[in-house]
2 protein chains.
Amino acid sequence: MTSAPVAAGKHDAAAAGPLAIICGGGMLPGTIAAKVEAQGRPVVLFAIRGWADPAVVAPFRHHWVGLACYGGFLRLMRQEGCRDLVVIGVLLRPSLWQLRPDWGAVRILPRIARAFRGGDDHLLTSFGRMLEDDGCRLLGAHQVAPDILAGEGRLGGRSPSAGDEGDIALGLGLLAAQSPFDVGQAVVVANRYVLAVEAAEGTDRMLARVAELREAGRIKISRGVGVLVKAPKIGQDRRFDMPTIGPQTVDGVARAGLAGLAVLAGGVIVAEPQEVARRAEAAGVFAVGLPVPTGQGPQTP
Amino acid sequence: MTSAPVAAGKHDAAAAGPLAIICGGGMLPGTIAAKVEAQGRPVVLFAIRGWADPAVVAPFRHHWVGLACYGGFLRLMRQEGCRDLVVIGVLLRPSLWQLRPDWGAVRILPRIARAFRGGDDHLLTSFGRMLEDDGCRLLGAHQVAPDILAGEGRLGGRSPSAGDEGDIALGLGLLAAQSPFDVGQAVVVANRYVLAVEAAEGTDRMLARVAELREAGRIKISRGVGVLVKAPKIGQDRRFDMPTIGPQTVDGVARAGLAGLAVLAGGVIVAEPQEVARRAEAAGVFAVGLPVPTGQGPQTP
């Protein structure tokens, strides 16, 4: 059910030129860069100052750029012969003054300002449209490295129980209902009761909250019950802000006393899948990729 | 837009007998007991062990009861000549073993167990139905003391700006969309961006989270922007679990750096309204009661 990969085989690497990778925070930009290089396509990393991790970008050809140095960024893209780009990694919503726009960005500032008044989707989609207007081709991480997405079925640990399946179904329903409001992409449900909904805090902090509420006696449901459910928003442009899980997500699920985690197959990135499986096994929690509900297939332009 | 009050004037106090008030945590049970007594109707408080505050129930005729000592509770109700009852105050979801049911409760345990598998609404509604099957008449706090509900318009502080109005509209829409999933009754929206959604943690902790996210730099929206929006679930039985604000809510809104709070008029209890107005004024935030959207009038059976 994943979208067609745009790998070396389909687009001749020489013709398409190197792939530009705009790097936010976290390990994922490095993982994807390595996967694309392994396919035979060169990469150029554009490490965003204040977000990208120097150790992650160091092994690859890279430039450091400001988030709103749009003119400089476009110039570098052209110099490097890049037309295709992906945006990867954590990018917190900055305040406008933090963007420190260059002269190339002044032209697009009104659009940035409008985008800031919407949710995450709106902001990122708007950024993508600007790039495409300037002749770039924006790809999703899942298009340049399809094997980073969760597959269907067991990702690690044991299998969900019938009770877990009920919690998963309720969580998916709630995420779908919230989708038009551009809220977060994860919820925690235990015994059909919604314990937590992710918004600006992100998944890790939401799981920490569940652990704290349990310690404080605010959650009286026994340990080993409850599921983290994570899925992309319906209609989300999957070239941006794909939901991601990794080993620290499994640790968070275990600390929150949940039974496991469930993600939409083909719709969620799994960072370090072997480590995810190992820790799920060790902690006695499940990690599972859910079949995509009918009529909600991945939407990749 | 509030439902008809069931006060001394409409139901002769002698005929209806004293009002039983089942007391959870917080100050509200005492406030309501005083208001009902002031109307000339006697009250008997049933203070739930582990939840009710001894200092709050002390000034009134009261009994201490266990949450699942259903048989004992019904017996006391009859002895006291009570037929009408209200359930007031914080009642955290207990685990089944904590209920320590008596013999009177054994008969209804299968229903309790079924109710536990649903969300808050389900649990409380189920409890209400049991009481009504046993000849009690369950009333809402707003029926015995209508002036505890938020009115329409300014509750304190300044007026919301056009930008605030947009955040309020988005918040109300999100709460309506979440309603079938029995999630919490409050969200925080800033610049059309959903910062936080309340679930098991409650409103105070959600506001504390927004304050922490801001201090940690995870929220880059300037201070003085954003609204706490609070409304009952659509179709909720308003005799249970009415959303409530009080002075500590205003303090939380101010600490979170928001512009103000907005609640659905006739659908949210305001504890200590003078103090709410005073603190909103002092902190420079707004507190406003919203007109009920068409087709979403209060639903009181």
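## Close-up views of the predicted model

A:Ile48 stands opposite A:Val65, which belongs to β3(A). The strand β2 of chain A, residues 43-48, and β3(A) run parallel and are joined over four bridges; strands are said to pair if DSSP finds at least two bridges between them. Helices (H or I, at least four residues) and strands (E, at least two) are DSSP runs that are numbered from the N terminus. The model is a predicted one, in which local features need pLDDT of at least 70 and side-chain atom pairs count only at pLDDT 80 or more, while totals for chains, interfaces and linings use all residues; side-chain values use heavy atoms, with hydrogens and water left out. Residues are numbered from 1 along each chain as its sequence is written, and chains are lettered from A and ligands numbered from 1 in the order in which they are written.

Five strands of chain A, with parallel pairing, make up an open sheet in the order β3-β2-β1-β4-β5. Its edge strands, β3 (62-65) and β5 (137-139), each pair on one side only, and the twist from one strand to the next averages 25 degrees. Helix α4 of chain A, residues 70-79, lies across β1 (19-23), β2, β3 and β4 (84-88), and runs at about 165 degrees to β2(A). Such angles run from 0 to 180 degrees between N-to-C directions, the axes being lines fitted to C-alpha atoms and, for helices, over the stretch in contact; contact means heavy atoms within 4.5 Å.

How many aromatic pairs does a search of the whole structure find? Over all chains there are two. In chain A, the ring centres of A:Phe46 and A:Phe73 are 5.1 Å apart and the planes stand at 80 degrees, so this pair is edge-to-face. Rings of Phe, Tyr and Trp (its six-membered ring) pair if their centres lie within 6.5 Å, and planes under 30 degrees apart count as stacked, over 60 as edge-to-face and the rest as tilted. The two partners come from distant parts of the chain, with A:Phe46 in strand β2 and A:Phe73 in helix α4, 27 residues apart. A:Phe46 is buried at 0% relative accessibility, and A:Phe73 is buried at 6%; buried means under 20% relative accessible area, exposed over 50%, and partly exposed in between (1.4 Å probe, protein chains only). In chain B, B:Phe46 and B:Phe73 form an edge-to-face pair at 5.1 Å centre to centre and 80 degrees between the planes. Because B:Phe46 lies in strand β2 (residues 43-48) and B:Phe73 in helix α4 of chain B, the pair ties together parts that are 27 residues apart in sequence. The relative accessibility of B:Phe46 is 0%, which counts as buried, and that of B:Phe73 is 6%, which also counts as buried.

**Helix α4 of chain B and the glycine that follows.** Within residues 70-79 of chain B, helix α4 has as its buried residues B:Tyr70, B:Gly71, B:Gly72, B:Phe73, B:Leu74 and B:Met77. After α4(B) comes B:Gly81, with a positive phi near 75 degrees.

**Strand β7 of chain A, covered on both faces.** Five of the five residues of β7(A) are buried, and therefore the strand is largely enclosed by the rest of the structure. A:Ala186, A:Val188 and A:Ala190 are buried on one side, and A:Val187 and A:Val189 on the other. In a regular strand the side chains alternate between the two faces of the sheet. Strand β9 of chain A, residues 227-230, pairs with β7(A) in the antiparallel sense over four bridges, with A:Leu228 opposite A:Val188. Four bridges also join β7(A) to β8(A), again antiparallel, and A:Val189 has A:Val194 as its bridge partner in β8(A).

**The β7-β8 hairpin loop.** Two residues lie between the strands in the hairpin of β7(A) and β8(A), where A:Asn191 takes a positive phi near 55 degrees. A:Arg192, a residue other than glycine, has a positive phi near 65 degrees and is found in the loop between β7 (186-190) and β8 (193-197) of chain A. In chain B, B:Arg192 has a positive phi of about 65 degrees although it is not a glycine, and it is found in the loop between β7 (186-190) and β8 (193-197) of that chain.

B:Asp167 has its place in helix α9, residues 162-178 of chain B, and counts as buried at 1% relative accessibility. Leaving aside residues up to four places away in sequence, B:Asp167 touches B:Val189, B:Ala190, B:Asn191, B:Arg192, B:Gly226, B:Val227 and B:Val229.
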